[in-house]
Amino acid sequence: MQSVQLGFLDYTILAIYVAFVVGIGFALRRYMKSSSDFLTSGRSIPAWVTGLAFISANLGALELVGMAASGAKYGIATSHFYWVGAIPAMVFLAIFMMPFYYGSKARSVPEYLKMRFDERVRALNSIAFAVMTVFASGISMNALAKLLNQLLGWNYHLALWICSAVVLVYVLKGGLTSAIYTEVLQFFMIVLGFAPVVYLGLKDVGWWGSMNSTLQGVAQNPAALDLKEVGTHYGADAWTSAWKPLLGGPSANPMGVDLFAMVFGLGFVLSFGYWCTNFLVVQRAMAAKNMGAARRTPLIAAVPKMLFPALVIVPGMIAVALTAMPNKSYRIPPPILAAEVYSKGVASVKAAATMEPTEAFKTVSEAMGKKMNADKVAALVKDSGKLDDPSIKQGLYNAIAEYDYDGVILSLVKRYCPPGLLGLALTALLASFMSGMAGNVTAFNTVFTYDLYQAYLAPSKSDQHYFRVGQAITVVGILLSIACAYFASMYNNAMDIIQLVFGFVNAPLFATFLLGMFWARCTGTGAFLGLFGGITGSAVFHSLTLAAGNTPGVKGGYLHVMKTFPSEMAQNFWLASFAFIICLTLTLVISLATKRTKTNEELKGLVYSLTPKLKDEAAAWYLRPAPLGLVLLVGCVILNFIFR
Amino acid sequence: MGLDIRWPIGLMFSLIGSLLVIYGLVTGSNAEIYQRSLGLNVNLYWGLLLLVFGGWMLTMAWRGSQKPGGPETPDDGKSK
């Protein structure tokens, strides 16, 4: 509960890392001569670099913090976000979509939409994307500042501004190239900084078998750890099997999700919407030096992505297992409370000693303002005469029956890392946030400069002008992200919010791309109205549905609660599926009802059937996307089977 | 573009690895520090691993610099 003191060595490691990322920015400064150098890297980077940057840019708050939180909440089923919700889409991107993105010479995803459809689609997509990136970045930064606040006792605001400043410096100096290069460095930092914590955690719980048998006990009575409401119980495999609890329906798995929502909502709509159309990741592949490298980028990225669950989900499971082992004296951290709340709590415990039990519990709960564990509070009140204030405080901390899942990762780092390794693990955390932040900022500045500023605000200026605007908007983007970070600080689980935002914007988008890339008859009007309808549809869906346990408001249902889903995740997946189907149907119908504005000749290189197939049979199999993709998919099926 | 990223990666991990190894050797006899890491001198072992990784990156970067213009080197002479 108290913050950890960093030693000299820990700060040195942190400083070395900061020096290197800033140094990379300065080293690349002299190559930044035009807007395309700054915003698109001049298409000059080899595949292994863009591939690792591709996956690293995706590592924001989502990965280390959010996925460990999900690992604790839902167990191994969180792997669906990888083996169902990522790999197939990444393979699809490489084989089918990269040829159009890269071959069309578009500088951004919205620009591709302009080439394929018209300005309206581009405008809608670029504005929605710009808003979304700023939000995603803000969520990531909020999580970072919160962690630094907890771990080091750093001031939240100071941490937020300093980390943003580091990212600002290296992105401003070296542009996209700098972001991509540092992302590769950050990728290795994250893996190498974090692996020992997972190793020590597994060793502590007695390796995989012992962890699993503990989690089986938890699954049958999650209320014992205050993980779920009293009376909730699952099959023994709820935390340790990915598929079996899912097949049992929403009430049989802690995610509260049904099979259709998981496979169609996450595995198809959300996943393909994110990986295949999100410029944040696609931009990395578009910066590759040639078509082969561009297509290999998502495939190279898919290899670490497939293995990441070991690094990010397992810690969450370790945390639950440790909490269930009484001799380990560990608990998943409760929500962070101010020191004054604890002082008030201690006083209330002392005052409660003379009260009858129900009254005593009520008094203590009110003082703490959180859900408390009745048995633990009763025991604490009974012993309060014999305990000193710090012990009562510790007792209160242990008795809080709520969890701050985002704190899981941090609590494990604190538990296992001696000085030295602590600095490394902390630097890894910082690296993951910085890579996500830099990814968002570089995608934002490119879309803003090329797709909004150059397209609508100030066309036909000199390239130097756009170069300077790109740099200026980098600063603005970071400031907007900081504003969003303060906004995000009002929420508890960042993951659910990100899914919601992606649901609004990305879910309908993939329908537009699917029809646009594979159906020449699809028209600009159809795409625009379809996309607009899809986004509106998701907002309406959100306003009419609610997840069980939530009150109408920002979580949905603010117009009228027509349908209640068993969990927020189910609500999000269904929202995405709904938006996708609306967009697909509208685009189809309106396209058939409107005239084509682009000829077959104009659509060459933009639509599958009108583009000559790429010939790569001469290349070695391991350089060709199709065989590589197949190998990855087979690997994915095997992993799903092992952890079924 | 100008810079082979394997140089900074290699340098950084060699540097951090060396620091951890030295610290691990110096503090190896101090059982209290390593109580947290379940009695393992993780600084020493993990530092060694980082050194090996950093060294490997540096070797790759050096080999890349020996054959400029090769198809798989990051600095393939395409910098404008």
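This is a predicted model: local features need pLDDT of at least 70, side-chain atom pairs count only at pLDDT 80 or more; totals for chains, interfaces and linings use all residues.

A residue counts as buried if 20 or more other C-beta atoms lie within 10 Å of its own, as exposed if 12 or fewer do, and as partly exposed in between.

**Domains of chain A**

- Chain A is divided into domain 1, which takes in 8–323 + 410–491, and domain 2, which takes in 334–402.
- Between the C-alpha centres of domain 1 and domain 2 of chain A there is a distance of 39 Å.

**Helices H17 and H19 of chain A**

- Helix H17(A), residues 339–352, has 14 residues and reaches 20 Å from its first C-alpha to its last, close to the 20 Å expected at 1.5 Å a residue.
- Tyr342(A), Gly345(A), Val346(A), Ser348(A), Val349(A) and Ala352(A) are the buried residues of H17(A); they cover an arc of only 165 degrees around the axis, which puts them on the same side of the helix.
- Ala339(A) and Glu340(A), on the other side of H17(A), are exposed.
- The buried residues of H17(A) pack against H18, H19 and H20 of chain A.
- In helix H19(A), residues 374–383, the buried residues are Val377(A), Leu380(A) and Val381(A); seen down the axis of H19(A), these residues fall within an arc of 100 degrees, so they line one face of the helix.
- The buried residues of H19(A) pack in turn against H17, H18 (357–368) and H20 (389–399) of chain A.

**Nonpolar cores**

- The largest nonpolar core has 225 residues, of which Met90(A), Val167(A), Leu185(A), Met317(A), Val413(A), Ala425(A) and Phe573(A) touch the most other members.
- Helix H9 of chain A, residues 156–205, gives the largest share of this core, 23 residues.
- Apart from this core lies another, of 16 residues, among them Val346(A), Val349(A), Met368(A) and Ala399(A).
- Phe573(A), leaving aside its neighbours within four places in sequence, is in contact with Val257(A), Ala261(A), Met262(A), Gly265(A), Leu266(A) and Leu270(A).

**Ile478(A)**

- Ile478(A), which lies in helix H23 (residues 463–488) of chain A, is buried because 25 other C-beta atoms lie within 10 Å.
- Not counting residues up to four places away in sequence, Ile478(A) touches Ser164(A), Val167(A), Leu168(A) and Val441(A).
- Ile478(A) and Val441(A) are 37 residues apart in sequence, while their C-alpha atoms are 6.7 Å apart in space.

**Loop residues with positive phi**

- Ser41(A), in the loop between helix H2 (35–40) and helix H3 (47–57) of chain A, has a positive phi of about 65 degrees although it is not a glycine.
- Ser41(A) counts as buried because it has 30 C-beta neighbours inside 10 Å.
- Leu38(B), in the loop between H1 and H2 of chain B, has a phi near 55 degrees, a positive value in a residue other than glycine.
- Leu38(B) is partly exposed because 13 other C-beta atoms lie within 10 Å.

Definitions and conventions:
Residues are numbered from 1 along each chain as its sequence is written. Chains are lettered from A and ligands numbered from 1 in the order in which they are written. Helices (H or I, at least four residues) and strands (E, at least two) are DSSP runs, numbered from the N terminus. The arc is that of the directions from the helix axis to the C-beta atoms. Two residues are in contact if their C-beta atoms, placed from the backbone, lie within 7 Å. The expected span of a helix is 1.5 Å times one less than its number of residues. Domain bounds come from an automatic or database domain assignment. A nonpolar core is a set of buried Ala, Val, Leu, Ile, Met, Phe, Trp, Tyr and Cys residues joined through C-beta atoms within 7 Å.
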